[in-house]
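Hello,

Here is the structure I said I would pass on. My notes on it follow below.

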Amino acid sequence: MNASMTTLRKNFIIAMSVLGMGAASLTVHAQEAAASAPAASTKMQHDGQHRGGNPAERMAKYQARLHDKLKLTAAQEPAWATFTAANAPKKPMGDWKAKREAFAKLSAPERMEQWIAMSKERIASQESRLASLKTFYAVLTPEQKKTFDDSVPGGKHGGMRGHHGGHHGMQQPPKAG
């Protein structure tokens with residue numbers, strides 16, 4: 001055997017060993033994840049109950065606290081009503097299992113088209129929410145604007161506290177600084 005064949009053989013053996021160790025590691029990780037899944041599910045169910053039940057109820061409580069903090073005038077109430085209506089939680093998406101199964105039956109290009117369509121719908125919804133936010137924000141006093149800025153997710157006191165990109169309509173990107 002010449003030197004280049006020996007080097008190639010050694011590299012092949014090393015590569016196969018690395019792949020084998022990686023596959024073994026993934027198997028162990030998958031088994032650990034499967035074993036911890038029931039505990040994670042229980043934790044999520046508990047957290048959901050701890051946060052006050054369904055998202056619509058949590059949103060209503062959040063909006064009530066924000067409303068109280070803002071100390072809105074009677075003249076500002078119609079703008080608040082329009083703003084909260086535009087940012088109301090959307091209806092449930094229906095049977096997720098059936099949707100996942102239907103999605104899995106699509107070809108890769110069809111799935112990508114669906115993702116793009118859903119992204120466009122989400123952007124349109126966010127643009128609508130932004131318009132309602134700007135309209136409402138325009139009727140606030142400077143003090144109320146500061147309270148609002150600090151109270152919504154991403155603000156000084158609103159943080160993201162457990163919000164993982166939720167769709168409650170009042171999210172803002174984190175402030176610089």
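**Notes on the model**

Ile116 lies in helix α5, which covers residues 108-138. This is a predicted model, and Ile116 is partly exposed in it, with a relative accessible area of 41%. Together with Met112, Trp115 and Met118, Ile116 forms a nonpolar patch on the surface. The accessible area of these residues together is about 420 Å².

For the overall picture, the protein chain has six helices and zero strands, so the order from the N terminus is α-α-α-α-α-α. Of its 177 residues, 18% are buried. The chain exposes about 13,200 Å², and carbon and sulfur atoms supply 64% of that area. Taking contacts between residues at least 6 apart in sequence, 50% join residues at least 24 apart.

Helix α3 (residues 77-86) is the other part I looked at. Which of its residues are buried? They are Ala79, Trp80, Phe83 and Thr84. These cover an arc of only 125° around the axis, which puts them on the same side of α3. An α-helix has 3.6 residues a turn, so residues three or four places apart point the same way. Pro78, Thr82 and Ala85 are exposed, on the other side of α3.

What do the buried residues of α3 pack against? Their partners are α2 (55-70), α5 and α6 (142-151).

Regards

Technical notes: Residues are numbered from 1 along each chain as its sequence is written. This is a predicted model: local features need pLDDT of at least 70, side-chain atom pairs count only at pLDDT 80 or more; totals for chains, interfaces and linings use all residues. Side-chain values use heavy atoms; hydrogens and water are left out. Helices (H or I, at least four residues) and strands (E, at least two) are DSSP runs, numbered from the N terminus. Buried means under 20% relative accessible area, exposed over 50%, partly exposed in between (1.4 Å probe, protein chains only). Contact means heavy atoms within 4.5 Å. Accessible areas come from the Shrake-Rupley method with a 1.4 Å probe; for residues, only the protein chains shown count as cover. Patches are made of residues with over 30% relative accessible area and no salt bridge: like charges are joined within 9 Å, nonpolar side chains (Val, Leu, Ile, Met, Phe, Trp, Tyr) within 5 Å. A salt bridge is a side-chain nitrogen of Lys or Arg within 4 Å of a carboxyl oxygen of Asp or Glu. The arc is that of the directions from the helix axis to the C-beta atoms.
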